Amino acid sequence: MSGAPLRQAKLAALHMLDQTKPDDEFNIIAFGSHVRPLSASMLAATADGLSRARAFIRQLGDLGGTELLEPLRMALLQVIPLQ
């Protein structure tokens with residue numbers, strides 16, 4: 001993804017961060033031909049966490065193809081850990 005679609009996705013992600021509540025947790029997992037998470041685990045929606053997330057989103061560029069399996073697995077394991 002690049003150009004206008006990437007700009008729109010980044011704006012949408014920034015808007016979602018603006019909607020977080022103080023007790024929320026979140027993470028951002030950028031993906032394409034490879035996976036790049038903001039953090040190895042969920043982050044609290046603190047000023048520091050949100051600032052890190054905004055900086056992460058702003059620097060994102062074209063990550064190549066769209067391989068979904070690994071980012072989905074990573075996201076699910078953060079919210080539903082294996083026993």
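The protein chain has three helices and four strands, taken as DSSP runs numbered from the N terminus (H or I of at least four residues for helices, E of at least two for strands). Follow the sequence and you get the pattern α-β-β-β-β-α-α. This is a predicted model, in which local features need pLDDT of at least 70, side-chain atom pairs count only at pLDDT 80 or more, and totals for chains, interfaces and linings use all residues. Residues are numbered from 1 along each chain as its sequence is written, and side-chain values use heavy atoms, with hydrogens and water left out.

Now for overall shape. The C-alpha trace spans about 35 × 30 × 15 Å along its principal axes. A compact globule of 83 residues would have a radius of gyration near 12 Å, and the 13 Å of the protein chain agrees with that; the radius is taken over C-alpha atoms, and the rule is 2.2 Å times the number of residues to the power 0.38. Of the 83 residues, 29% count as buried, meaning under 20% relative accessible area, with exposed over 50% and partly exposed in between (1.4 Å probe, protein chains only).

Next, zoom in on helix α3, residues 69-79, where P71, M74 and Q78 are buried. Seen down the axis of α3, these buried residues fall within an arc of 65 degrees, so they line one face of the helix; the arc is that of the directions from the helix axis to the C-beta atoms. In general, an α-helix has 3.6 residues a turn, so residues three or four places apart point the same way. On the other side of α3, L69, L72 and V79 are exposed. The cover over the buried residues of α3 includes β2 (29-31) and β3 (35-37).

Key:
Contact means heavy atoms within 4.5 Å.
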